[in-house]
Amino acid sequence: VDGEVSQDKSIIVWINELRMTDLSSNGGYAATGRVEATLADLGRVAVAGSYRSAGYGSLETKITDNEMLASRYYNVSTDIDFGKFMAPEKTGITVPVHFDHNNTTITPEYNPLDPDVKLSRSLQDLDQHGKDSLNALARDVTTQTNFNITNLRKNRVGQKKPHFYDVENFNASYSYTKTEQSNPDMEYNRQKSYRGSIGYSYTTSAKPWTPFAKAKWASKSYMQLFKDFNLFYLPKSFSVSTEMYRQIHSQKMRNKSSGLVLTRETVAKNWDWTRNYDFRYDITKALNFTYTASSQAYIYEPAGNPEKNSEEWKANRDTIRDELLKLGSISRFTQAVKLSYNIPINKLPYLDWLTSTANYTGNYRWIANSRYTQKRLGNTIENDYSLQISANADLTRLYNRSKYLKNLTAPKRGNNIKAG
């Protein structure tokens with residue numbers, strides 16, 4: 001209006017009701033595939049993959065249930081026996097190898113740093129370095145690699161007599177697993193595990209010593225106890241195995257705040273060493289002895305993950321070396337002794353209808369307390385034993401010694417009835 005002085009006006013607009021009229025339903029797609037090839041008797045190779053776009057869902061799925069994430073997965077795996085290259089029919093060598101590598105990448109449709117803007121739109125305003133940084137932060141990427149050699153050994157070829165020093169008595173296995181993950185919450189999450197084992201097993205085929213088996217004076221029935229006397233001069237079997245398992249887990253969280261917050265790497269380590277022993281000796285055919293033992297130890301590793309070749313790294317290396325030389329720190333030791341005996345009461349005159357067995361079992365356990373409380377609390381020792389004797393009587397065999405009782409217990413024949 002002419003003549004009026006213009007002034008700033010402040011207006012407040014209240015929206016009483018705001019409604020969403022529809023949902024965006026652009027749909028999506030998914031695909032999956034797998035190819036596997038068999039390489040004769042050498043092994044196999046397989047490749048698999050799948051992809052699912054953001055918004056994909058089945059016909060029965062509601063729109064609100066569809067995830068706004070694109071998922072991509074691929075896997076490559078192979079199983080090959082490299083022993084086939086070493087003339088296994090002559091050498092008997094088997095080297096079964098497995099390898100697989102897989103990757104899962106999940107890409108959100110919206111920028112996790114600016115949830116109202118699509119990730120593709122945010123990437124348009126950045127240079128190549130910025131695009132790589134944003135993709136690395138926004139995506140959830142998990143990669144895993146596995147490699148293992150299972151039961152590497154040399155099988156026996158030909159008819160050679162086995163000996164305790166034969167290489168065929170040994171076997172070895174090794175496995176390696178590496179997993180890496182990064183997502184908007186974690187800068188990295190790495191886990192490495194190593195497992196290796198060596199085993200030895202030897203079984204004898206010795207025949208028992210039977211000094212009275214052909215003696216004429218032992219041929220009488222009442223001398224059967226002496227005639228059947230036997231003794232094995234060699235143990236039946238012996239086996240020992242050792243296995244190491246080491247795991248290293250490192251993780252670092254992202255600083256998602258606007259302030260200056262220092263985030264540090266956290267490292268967890270675990271290194272176990274297990275040793276198992278098994279000894280079996282059939283002293284006679286009726287008397288059996290078994291001894292088993294298991295030792296569980298750990299390799300102490302100082303905390304932290306120092307830079308390689310630094311002074312701290314060298315000090316940690318020396319500590320680990322000393323632990324290995326003393327076979328680790330024992331955390332648990334168990335052993336068991338079993339003795340079983342078939343009492344030859346049935347070999348005595350007129351007692352062949354009786355059988356009896358005796359069993360003895362003894363257990364011992366040693367459990368260590370925490371490394372930092374051993375001097376104050378000590379360790380734990382437990383032991384127990386059990387003795388069991390049982391007897392059985394075959395009354396039918398006893399009754400058969402009497403002609404009268406034998407006729408009473410014998411099944412009666414039914415009358416033959418001819419059909420008219």
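How many helices and strands does the protein have? It has eight helices and 16 strands, taken as DSSP runs (H or I of at least four residues for helices, E of at least two for strands) and numbered from the N terminus. This is a predicted model, in which local features need pLDDT of at least 70 and side-chain atom pairs count only at pLDDT 80 or more, while totals for chains, interfaces and linings use all residues. Residues are numbered from 1 along each chain as its sequence is written, and side-chain values use heavy atoms, with hydrogens and water left out.

**Overall dimensions**

- The protein has a radius of gyration of 38 Å, whereas a compact globule of 420 residues would have one near 22 Å. The radius is taken over C-alpha atoms, and the globule rule is 2.2 Å times the number of residues to the power 0.38.
- The C-alpha trace spans about 150 × 90 × 55 Å along its principal axes.
- Of the 420 residues, 21% are buried. Buried means under 20% relative accessible area, exposed means over 50%, and partly exposed lies in between (1.4 Å probe, protein chains only).
- Take the contacts (heavy atoms within 4.5 Å) between residues at least 6 apart in sequence: 61% of them join residues at least 24 apart.

**Helix α3**

- Helix α3 covers residues 128-138, and its buried residues are G130, L134, N135 and A138. They sit on the same side of α3, because they cover an arc of only 130 degrees around the axis. The arc is that of the directions from the helix axis to the C-beta atoms.
- That buried set packs against β5 (96-108), β6 (110-111), α2 (119-124) and β8 (140-154).
- Q128 and H129 are exposed, on the face of α3 turned away from its buried side.

**Nonpolar surface patch**

- At least two patch residues come from each of β1 (30-39), β2 (43-52) and β3 (69-81).
- V45 lies in strand β2. Its relative accessible area is 31%, which makes V45 partly exposed.

**Salt bridges**

- The structure holds 22 salt bridges. Each is a side-chain nitrogen of Lys or Arg within 4 Å of a carboxyl oxygen of Asp or Glu.
- R156 pairs with D166, with the closest N and O atoms 3.0 Å apart. Both residues lie in the loop between β8 and β9 (170-182), so the bridge ties together parts ten residues apart in sequence. R156 is partly exposed at 41% relative accessibility, whereas D166 is buried at 12%.
- R365 bridges to E382, again with closest N and O atoms 3.0 Å apart. R365 is in strand β15 (residues 354-367) and E382 in strand β16 (residues 380-393), so this pair ties together parts 17 residues apart in sequence. R365 is partly exposed at 23%, and E382 is partly exposed at 34%.
- Salt bridges that share partners join R317, D318, R321 and D322 into one network. Within it, D318 and R317 have their closest N and O atoms 3.6 Å apart.
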